[in-house]
Amino acid sequence: MNVYDRYVLPYLIDIACGLPMVQAQRRQLVPQAQGRVLEIGMGTGRNLPFYDRTRITRLVGVDPALQMHHLAQKRSREAGIHVELMGLSAEQLPTADASFDTVVCTYTLCSIPDAAQALREMRRVLVPGGKLLFCEHGRAPDSGVRRWQDRLQPLWGPLAGGCQLGRDIPALLQEAGFAANTQSAYLAGPRPMTFHYWGQAQVA
């Protein structure tokens, strides 16, 4: 791991993930989590202040970026929520089938190398009737914006920790066997980075 990825990138990601319009998305989504909760890509713990502690019985967070864990642990203490942090990616989760009531995935599918496999794992660990709560930026509906996503990707990816600007989130959810109630819109900011998808999904 180079100096940029180890010492600079975690703080840049934390700043970007803490922008007001992003925090607003978290604020409306994360409090819906209940029961045993698995958060995919916990990162620096930006979701932690928004969990309703009265509704969750266990919170497990996974993220392979160990250099971000200390920020997540700090936010865990500030929020008064105990988190079991695991330093791994989501393509192979070391948990039993049907072991979580809710999976939370925010601003994560863009950077998981095999997002389709990660979603299949999320589906596997959810109990029957369990919910996937998701909020992701991704493929824009406008052809001109999509062209800019393609042009920017070779520069953007290395600077943003492998983030993919143009992933088709609804298609990935469907292919993984989820039926999703999805909302979408541009948020404030440069359009290639700000087309968002969010909502709930259950096993189809």
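Biologist: Ala, Val, Leu, Ile, Met, Phe, Trp, Tyr, Cys and Pro count as nonpolar, Asp, Glu, Lys and Arg as charged, and the others, Gly among them, as polar. How does the lining of the largest pocket divide by class?

Modeller: The lining has 28 nonpolar, 14 polar and four charged residues. This is a predicted model, where local features need pLDDT of at least 70, side-chain atom pairs need 80 or more, and totals for chains, interfaces and linings use all residues. Residues are numbered from 1 along each chain, and side-chain values use heavy atoms, without hydrogens or water.

Biologist: How much space lies in that pocket?

Modeller: About 1,100 Å³, the space filled by probe spheres set on its points. A pocket is an open set of points on a 1 Å grid where a 1.4 Å probe fits, with protein on both sides within 12 Å along at least five of seven lines; lining residues have an atom within 4 Å of a point. Of its 46 lining residues, I13, C17, Y107, C110 and A160 are the closest to the centre.

Biologist: Which helix gives the most to the lining?

Modeller: Helix 1 does, with six residues. Helices (H or I, at least four residues) and strands (E, at least two) are DSSP runs. Helix 1 covers 3–17, and helix 2 (20–29), strand 1 (35–40), helix 5 (143–159) and helix 7 (191–194) also each supply at least two residues.

Biologist: Now the sheet: what is its strand order?

Modeller: The open sheet of seven strands runs 3-2-1-4-5-7-6, with mixed pairing (at least two DSSP bridges per pair). Strand 3 (84–86) and strand 6 (178–186) are the edge strands, each pairing on one side only.

Biologist: How many bridges join strand 5 to strand 7?

Modeller: Six bridges join strand 5 (residues 126–137) to strand 7 (residues 195–203), and these two run antiparallel. In this pairing, E136 stands opposite Y197 of strand 7.
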